[in-house]
Amino acid sequence: MSKAMRAKVVLNRVEQFTSSEKLVFNPVCAKAYGPDGVDEDNTFARFSPSGEFQLQVTNPDLLGQFKPGEKYYVDFTPVTAD
């Protein structure tokens, strides 16, 4: 059994500081279903219905690039050796 996991998250908040930004992400959940009743966001939400993670970004090339409401896939893969 693999420990790898893919999550789908939405950027809910960007906090700006002098030379960095804090990005706050939460799992996705659709506000409405498509005509066939299937929605990818709710498929992801079924297995990761709640949570939050934050990243502090200091790379000058990335500052201002992330906007609230954008969605991302985040892959979690175990490190086998350092």
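Tutor: Before we start on this predicted model, a residue counts as buried under 20% relative accessible area, as exposed over 50%, and as partly exposed in between.

Student: OK, so where does Arg 6 fall, buried or exposed or partly exposed?

Tutor: Arg 6 has a relative accessible area of 44%, so it is partly exposed.

Student: And what does the side chain of Arg 6 meet in a salt bridge?

Tutor: The partner is Asp 75, at 2.7 Å from N to O, and the pair links distant parts of the chain, since Arg 6 lies in strand E1 and Asp 75 in strand E4 (residues 71–76), 69 residues apart. Asp 75 is likewise partly exposed, because its relative accessible area is 46%.

Student: How many salt bridges are there in the whole structure?

Tutor: The search finds 6, including one between Glu 15 and Arg 13 at 2.8 Å and one between Lys 22 and Glu 15 at 3.5 Å. Salt bridges that share partners also join Lys 8, Glu 40, Asp 41 and Lys 71 into one network.

Student: Why does Lys 22 count as buried?

Tutor: Its relative accessibility is 19%, and therefore Lys 22 counts as buried; this lysine sits in strand E2 (residues 21–27), and among the residues that Lys 22 touches are Phe 17, Gln 54 and Leu 55.

Student: Switching topic, which residues make up the largest nonpolar core?

Tutor: That core has 7 residues, namely Ala 7, Val 9, Leu 11, Leu 23, Phe 25, Val 57 and Val 74; strands E1 and E2 each give two or more of them, with the largest share, 3 residues, coming from E1.

Student: What does Phe 25 touch?

Tutor: Leaving aside residues up to four places away in sequence, the contacts of Phe 25 include Val 9, Leu 11, Phe 53 and Tyr 72.

Definitions and conventions:
Residues are numbered from 1 along each chain as its sequence is written. This is a predicted model: local features need pLDDT of at least 70, side-chain atom pairs count only at pLDDT 80 or more; totals for chains, interfaces and linings use all residues. Side-chain values use heavy atoms; hydrogens and water are left out. Helices (H or I, at least four residues) and strands (E, at least two) are DSSP runs, numbered from the N terminus. Buried means under 20% relative accessible area, exposed over 50%, partly exposed in between (1.4 Å probe, protein chains only). Contact means heavy atoms within 4.5 Å. A nonpolar core is a set of buried Ala, Val, Leu, Ile, Met, Phe, Trp, Tyr and Cys residues joined through side-chain atoms within 4.5 Å. A salt bridge is a side-chain nitrogen of Lys or Arg within 4 Å of a carboxyl oxygen of Asp or Glu.
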